[in-house]
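Please open the structure in your viewer and keep the selection tool at hand. The tour below goes from stop to stop, saying at each one what to select and what is there.

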Amino acid sequence: MENADYYSDRKHCSKCDAYVPYLMSVDRSYCAHCGAEVRLFSKSDWSEFQREIAERRPKGGRPRKGQDGRRETA
């Protein structure tokens, strides 16, 4: 991971349609260029992030039966 600091951090501004430097208040962040509220990800990046997380999540349910008819254990 790169060296992360406040001055190089960026969030997505939907008005500027870019990742921009931002000003932070207690509960919201605002674009340093136009003043619009910013978000951590763009809508397309958020969808991609959610998809990747869902793929990594364990499926759950009962373990499959093995060759001998018994359940596999961890």
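Begin by selecting Ala36, which is found in the loop between β4 and β5 (38–39); helices (H or I, at least four residues) and strands (E, at least two) are DSSP runs, numbered from the N terminus. The model is predicted, and local features need pLDDT of at least 70, side-chain atom pairs count only at pLDDT 80 or more, while totals for chains, interfaces and linings use all residues. Residues are numbered from 1 along each chain as its sequence is written, and side-chain values use heavy atoms, with hydrogens and water left out.

At 19% relative accessibility, Ala36 counts as buried, where buried means under 20% relative accessible area, exposed over 50%, and partly exposed in between (1.4 Å probe, protein chains only). If you display its contacts (heavy atoms within 4.5 Å), then, leaving aside neighbours within four places in sequence, you will find Cys13, Lys15, Ser29, Tyr30 and Cys31 around Ala36. For a distance across the fold, pick the C-alpha atoms of Ala36 and Ser14, which are 8.0 Å apart in space although the two residues are 22 apart in sequence.

**The nonpolar core**

Which residues make up the largest nonpolar core? Select Cys13, Val20, Tyr22, Cys31, Ala36 and Val38, the six residues that form it; a nonpolar core is a set of buried Ala, Val, Leu, Ile, Met, Phe, Trp, Tyr and Cys residues joined through side-chain atoms within 4.5 Å. In soluble globular proteins, nonpolar side chains tend to be buried together. Within this selection, centre on Cys31, which is in contact with Cys13, Cys16, Val20, Pro21, Ala36 and Val38 when its neighbours within four places in sequence are left aside.

**Ser29, Lys11 and Tyr22**

Next select Ser29, which is found in strand β4 (residues 29–31) and counts as buried at 5% relative accessibility. Not counting residues up to four places away in sequence, Ser29 touches Lys11, Tyr22, Leu23, Met24, Ala36, Glu37 and Val38. With the side chain of Lys11, the side chain of Ser29 makes a polar contact of 3.2 Å, a polar contact being a pair of N or O atoms within 3.5 Å, of which, within protein, one must be able to donate a hydrogen and the other to accept it, and residues adjacent in sequence count only if both atoms are side-chain atoms. Now turn to the charged end of Lys11, which sits over the ring of Tyr22, 4.8 Å from the ring centre; a charge sits over a ring if NZ of Lys or CZ of Arg is within 6 Å of the ring centre and within 35 degrees of the ring normal.

Asp17 is exposed, with a relative accessible area of 61%, and its phi is near 55°, a positive value in a residue other than glycine.

**Two arginines**

Select Arg28 in the loop between β3 (22–24) and β4, where it is partly exposed, with a relative accessible area of 38%. A polar contact of 3.4 Å joins the side chains of Arg28 and Glu37. Then go to Arg10, in the segment before β1, which is also partly exposed, at 36% relative accessible area. A polar atom of the Arg10 side chain lies 3.4 Å from the backbone oxygen of Tyr7, and, not counting residues up to four places away in sequence, Arg10 touches Tyr19, Val20, Pro21 and Tyr22.

**The aromatic cluster and the whole chain**

Select Phe41, Trp46 and Phe49 together, as these residues form one aromatic cluster. Finally, show the whole protein chain, which has one helix and five strands and follows the pattern β-β-β-β-β-α along the sequence. Of its 74 residues, 14% count as buried.

Terms used. Rings of Phe, Tyr and Trp (its six-membered ring) pair if their centres lie within 6.5 Å; planes under 30 degrees apart count as stacked, over 60 as edge-to-face and the rest as tilted.
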